[in-house]
Amino acid sequence: MTEFTSVGRSATDRASRYGSQLVKHFTHKDLEGSWEDSRGFVRFSAGLAEFEATDDALVMRVVSSSEEDVARLRDVVERHLVRFGTRDELSVSWDSGGQD
């Protein structure tokens, strides 16, 4: 099966806080996911979103079987992160995406 992947990065010194907040938000919507030791994931019907907190950024990786679903996952993850991080003026820069 072909997989499409895109990796995004949001510069913040509170990456773990935002990563855990995203996972908690989506799992409260009955999606499978977890956050542990600065890493987490959420499984959406369209694919998988993985999160990793580093010292200076939250790194997000979305994976799906279609380019369209990767674009949708990027949009959902980014919109929520930007909303949660309004005070810190968070933004996300994504790679161009592509097949694995």
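This is a predicted model: local features need pLDDT of at least 70, side-chain atom pairs count only at pLDDT 80 or more; totals for chains, interfaces and linings use all residues.
Core. I looked up the largest nonpolar core, which has 22 residues. Leu22, Phe51, Leu58, Met60, Val62 and Leu81 are the members that touch the most others. I then checked which elements give two or more residues to this core, and found α1 (15-27), β3 (39-44), β4 (47-53), β5 (57-64) and α2 (67-84).

Val62. I listed the contacts of Val62, leaving aside neighbours within four places in sequence. The list holds Phe4, Thr5, Ser6, Leu48, Ala49, Val70, Leu73, Arg74, Val77 and Trp94.

Salt bridges. I find seven in the structure, and I followed up some of them.

Arg9 and Asp56. The closest N and O atoms of this salt bridge are 3.2 Å apart. Arg9 lies in strand β1 (residues 4-11) and Asp56 in the loop between β4 and β5, so the pair ties together parts 47 residues apart in sequence. Arg9 is partly exposed at 39% relative accessibility, and Asp56 is partly exposed at 44%.

Arg39 and Glu52. I read 3.6 Å between the closest N and O atoms of this salt bridge. Arg39 is in strand β3 and Glu52 in strand β4, 13 residues apart, and the pair links distant parts of the chain. For Glu52 I note 31% relative accessibility, which counts as partly exposed.

Asp75 and Arg79. Their side chains meet in a salt bridge at 2.9 Å, N to O. Both residues lie in helix α2, four residues apart, or about one turn of the helix. I have Asp75 as partly exposed with a relative accessible area of 37%, and Arg79 as partly exposed at 45%.

Technical notes:
Residues are numbered from 1 along each chain as its sequence is written. Side-chain values use heavy atoms; hydrogens and water are left out. A nonpolar core is a set of buried Ala, Val, Leu, Ile, Met, Phe, Trp, Tyr and Cys residues joined through side-chain atoms within 4.5 Å. Buried means under 20% relative accessible area, exposed over 50%, partly exposed in between (1.4 Å probe, protein chains only). Contact means heavy atoms within 4.5 Å. A salt bridge is a side-chain nitrogen of Lys or Arg within 4 Å of a carboxyl oxygen of Asp or Glu.
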